[in-house]
Structure formats: C-alpha cells, structure tokens
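Dear colleague,

Please find below the structure that I am handing over to you, together with its sequence.

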Amino acid sequence: MRGKLHVVGFGPGGKDDMTVRAVRTIENADVIYGYTKYIEILRPIFPDKEYKYNGMTKETERCRLAIEEAMTGKDVAMVSSGDSGIYGMAGIIYELAFSMGADIDIDTVPGITAASSSASILGAPLMHDTALISLSDLMTPLDLIMKRVDRAADSDMIICLYNPKSKGRTEYLEQARQIMLKYKSRETPVGIVRNAGRPDETHWFTTLGDLDDSKVDMFCTVVIGNAGTYVKNDRMITPRGYKIE
C-alpha cells in the first residue's frame, strides 16, 4: 500500500484552534512525528497516538525518518505549530522526498499561523498589507533579515516579527527597532503576544519608541503597526480604508 505523509499545522496549541482537517488527520495517522515541545502539546489532546520526536536543530533528521516510515506504507503525520507552510516543515519535507525519490503521497494541512492568532488577541492589526519576518538567523543571514525589515518599514507595511529574541539572539529585536525608526514614528503602536492560544497567554501594548525587549522571548510574536494603526479600548486596529459615516 502506498504510504502517506501529511504535514500538519496544528495552530497555536489548543484543540479549539485546530482545524477539523488537522484533528482528523492526526487522529487517523499511524504515527506522529514532531519537535519535542510540539509533541508535549499534542500528547494530552491525542493520548493514544504513537509519537516519535527529537529536539531543535534536528529537523532534517526528523523529516527523513518520517519520509522513510511513510515509504513502508504507513500513514504518517509530521506536525508543526502554527501553519506547516509558514516557517514549518512543509518545504523541507518536499525537498527531502524529491531527493530521496520517495514514492509516497504528500499533502499539507494548513493551520492558524502566529500572525493570525496573535492578531485575534490584539484586535485587528493586520487589516492592511503585512510582512511576516523571522528574526532567527539559523537559516537566513542576519544582514538579509535586516534588509527585509528595512524594505518593509520603508513601504509602511505592518510588520509581524516571528522568533524575535532568544538566549543566543539578544540584540536582534533592538537592531530591527532602530531600522524601523528610520521610517516609522516613535508613536507607532506595537502589540506583543506571548504564548498565543495557550493557558499562560499574555499580551501587552507599547509603541515603537518605548518598545522594551526585556520581556520578549521566543514565545512572543511582535506586531508593529503602519502609519494608520491605533490602539483604543485595549484593541489594536489598522483601518483598511472603509468610510465610516
């Protein structure tokens, strides 16, 4: 029997934020592969499944093992938080499967990405053109990341920063802030969400001028507004341009 490999985005983490398709795919899979932290999230929701996992920076090994298992005829799910096609495992799965000549069926199951889940908590900050930029330089050179921040800020796009800060990357958010201040007002609203959709979810608002990165970590998503964005009644709003009588 021809094996199947589903690359599943399960959203922020709670079952309420998983799509029906994602839940059904995980429930029907013979085995589930994923990063250790993701499996810790899913195990209480799907306690009877078989899980295989490893740590950060071992994505290629994990994906290769999942492909090999699917090649035995099994139904395999490779899981990612958020959307599997946005900083997830979809790309490397396809690349590896092609290079391995894997005769399996592959599909991508979309999920709610961090920008969407964070925006729903903050209000409606992404109502106009938005750039999603990861500040992690594990896969992308830092100068290219900051070039993209510069171009997005210059075009007055809303900017949603993924992976804004870690123990090994303590200054990148401040570097990005200084670049954005060349084009954006110090009063530009900024919304920060930590652990979106999880039990210890928190969020707060500040401005680009007063952005304090001391409370920001890898579990945060940072949303920087455009010239029209404002905060009112604890909601961050970017007008789309509709006329309000």
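Arg194 has a relative accessible area of 23%, so it counts as partly exposed. Please bear in mind throughout that this is a predicted model.

The side chain of Arg194 forms a salt bridge with that of Asp217, with an N to O distance of 2.8 Å. This pair joins distant parts of the chain: Arg194 belongs to strand S9 (residues 189-194), while Asp217 sits in the loop between strand S10 (202-207) and strand S11 (220-224), 23 residues apart.

**Other salt bridges**

In general, side chains of opposite charge can pair when their charged atoms come close. The structure contains 13 salt bridges, and several of them are described here.

One of them brings together the side chains of Arg2 and Asp105, at 2.6 Å from N to O.

**Helix packing**

Two packed helices are described by the angle between their axes and the distance between the axes. Two such pairs are reported below.

For helix H3 (residues 59-70) and helix H4 (residues 90-100), the axes come within 10 Å and cross at roughly 60 degrees. H3 and H4 are therefore oblique to each other. The crossing of H3 with H4 is right-handed. On the H3 side, the contact involves Thr60, Cys63, Arg64, Ile67 and Glu68; on the H4 side, these meet Ile92, Ile93, Leu96, Ala97 and Met100. By class, the residues of this contact comprise 7 nonpolar, 1 polar and 2 charged.

Helix H6 (residues 142-154) and helix H7 (residues 172-180) pack with their axes 9 Å apart, at an angle of about 35 degrees. H6 and H7 also cross in a right-handed manner. Leu142, Met146, Val149, Asp150 and Ala153 are the H6 residues in this contact, and their counterparts in H7 are Tyr172, Gln175, Ala176, Ile179 and Met180. The contact of H6 with H7 divides into 8 nonpolar, 1 polar and 1 charged residues.

Is His6 buried or exposed? His6, which is part of strand S1, has a relative accessible area of 12%; because the cut-off for buried is under 20%, His6 counts as buried. Leaving out residues up to four places away in sequence, His6 touches Thr25, Asp75, Val76, Ala77, Met78 and Asp107.

Thr36 is located in helix H2 (residues 36-42). At 23% relative accessibility, Thr36 is partly exposed. Apart from neighbours within four places in sequence, Thr36 contacts Tyr53, Asn54 and Gly55. Thr36 and Met56 are 20 residues apart in sequence, and their C-alpha atoms are 7.9 Å apart in space.

Most residues other than glycine have a negative phi. Against that background, two residues may be noted.

Tyr87 is not a glycine, yet has a positive phi of about 60 degrees. Tyr87 lies in the loop between strand S4 (75-80) and H4, and counts as partly exposed at 47% relative accessibility.

Asn163, also not a glycine, has a positive phi of about 45 degrees. The position of Asn163 is in the loop between strand S8 (158-162) and H7. With 23% relative accessibility, Asn163 is partly exposed.

Yours sincerely

Conventions
Residues numbered from 1 in each chain as written. Predicted model: local features only at pLDDT ≥ 70, side-chain atom pairs only at ≥ 80, totals over all residues. Heavy atoms only, no water. Salt bridge = Lys/Arg side-chain N within 4 Å of Asp/Glu carboxyl O. Helix = DSSP H or I, 4+ residues; strand = E, 2+ residues; numbered from the N terminus. Buried < 20%, exposed > 50% of the residue type's maximum accessible area, 1.4 Å probe, protein only. Axes fitted to C-alpha atoms, helices over the stretch in contact; angles between N-to-C directions. Parallel < 35°, antiparallel > 145°, perpendicular 65-115°, else oblique. Left-handed = near helix turned anticlockwise from the far one by under 90°. Contact = heavy atoms within 4.5 Å. Nonpolar A, V, L, I, M, F, W, Y, C, P; charged D, E, K, R; others polar.
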